Structures are given as structure tokens and as C-alpha cells.
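Dear colleague,

I am passing on the structure we spoke about, and below it you will find what came out of going through the coordinates. Please keep it open beside you as you read.

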Amino acid sequence: LTHRIIDEDSGEELFTGTLGQIIYFDDRAVHLESNKKSHSDASNIIGLMNARVSDYSSLSIGAVFNPHAGHGMRNTARYRYDASTDSRYKLFNADYRFSKGEEEEIDLSGVYSFNKNFSFVGKYNYSFSNNRSNVEDLIDTMFGMELDSCCYALKVVVRNYWTGTTKDNVLFFEFLPKGLTSSNNATSNLLREGIPGYQDKVKYE
């Protein structure tokens, strides 16, 4: 079941809500353990919501509820503010992710331009309880800057992150002469992966 609200003047989508569940005609036997099984006639209930809060911000919420156990299995929430222009960044993301018995974390990221030549970038991904330990810990942090001049671009990013087995520190430093490089550089790729909504605004031609 999906419901949408559309702005009549602009045609833009203001709200979308979805609620879904699969009903089985035959009762299914689900093996939870080697010597135990549970019967189920329906799947988990899934809910999704996307709302436009203002001209520059949006909110997305998702949830998975187990009606047989009577509790939630997974929750996600994302708030995004993006008032960026062709030459300046004004981007901020706030994410919350929860999976029962596995993880609970927040992920904050953004890019802000003080003027058309100088910008700061940052990311803070913190786990309250992830599947590698029950200790609160930082998963990924980034802090850096971008400088865009008439003839070159300079990108510097310091990253501290969990590789899956240990913590690692990396320094990205790129001097990018215009006319000799493109937006497909290592630092821009890193920021695109780590900061939702990030776009390299440097004109390399």
C-alpha cells in the first residue's frame, strides 16, 4: 500500500508512505535452530516514509516490524539538508541505523563552503553496539578541506576508520591541475562514498 502527496503547482512529490506485508496461503515452517522450527502465515511488516520538510530538506524513515515476536527488527532514519549551488556546498546529512541484536549507529556528514573557493568536509560515524564488539566505538571519521583556484584544485582529507580487523589512519592529499585531471580522482571518490549527496564542483576543463 503506497500513498503519495504531490504539489499541484510544481508537480514535486511532497510525501510518500508505503506499508507492506506478505500473506502466505500455506503456513510456512521456518527453522530458527537445528532442532526447532516456527510456523508463520505472514512476513514481517515493512514501512517506508519520505517527506519533503522544506525547499532544501527532506526526511526518510524506514522500519521492519516482526508481528510474531512483537518487536521491531530494523529502523532507519535520514535527514538531509542540501542548499548547494553550482559553485558552493551547503550539505548536511544525519543518519540513524538500528538492527536488533547487531548494530546501532549514527552517521553525520556534510560539506560547507565559506566562499566559492574554500570548503570544509566532515564525517562522523559512531557505533553504539556493532557486530564486532559490544563496545561503543567510532567506525569512520573524516575531516578535510577543498581549495578551488583558477588553475588548480587542492583536496586534503584525514580519515580514521575501522577496516574490519583494526583501526587505520589515512591522509589524502591531491594537487589537481585543471586541464590535466578530472572529477574521477581518489579523494572525490572517497567523499562520494562517505558523504551522501556529495558532488565534486571543481571545473577541471
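**The cysteines**

The sulfur of cysteine 150 lies 3.2 Å from the closest cysteine sulfur, which belongs to cysteine 151, and that is too far for a bond. Please bear in mind throughout that this is a predicted model.

**The hairpin of S1 and S2**

Strand S1, residues 2-6, pairs with strand S2, residues 13-20, in the antiparallel sense over five bridges, and in one of these pairings isoleucine 5 has phenylalanine 15 in S2 as its bridge partner. The two strands, S1 and S2, form a hairpin with six residues between them, and in the turn glycine 11 has a positive phi of about 80°.

**The second largest pocket**

The second largest pocket holds about 150 Å³ of space. It is lined by 16 residues, of which Ser87, Lys116, Asp148, Lys201 and Val202 are the closest to its centre. Strand S10 (118-127) and strand S11 (137-148) are the elements that give two or more residues to this lining, with S11 giving the most, three residues. Sorted by class, the lining has seven charged, five polar and four nonpolar residues.

With best wishes

Conventions: Residues are numbered from 1 along each chain as its sequence is written. This is a predicted model: local features need pLDDT of at least 70, side-chain atom pairs count only at pLDDT 80 or more; totals for chains, interfaces and linings use all residues. Side-chain values use heavy atoms; hydrogens and water are left out. On a 1 Å grid over the protein atoms alone, a cavity is a set of points where a 1.4 Å probe fits but cannot get out, and a pocket is an open set with protein on both sides within 12 Å along at least five of seven lines; lining residues have an atom within 4 Å of a point. Grid points are joined across faces, edges and corners, and a volume is the space filled by probe spheres set on the points. Helices (H or I, at least four residues) and strands (E, at least two) are DSSP runs, numbered from the N terminus. Ala, Val, Leu, Ile, Met, Phe, Trp, Tyr, Cys and Pro count as nonpolar, Asp, Glu, Lys and Arg as charged, and the others, Gly among them, as polar. A disulfide is a pair of cysteine sulfur atoms within 2.5 Å. Two strands pair if DSSP finds at least two bridges between them.
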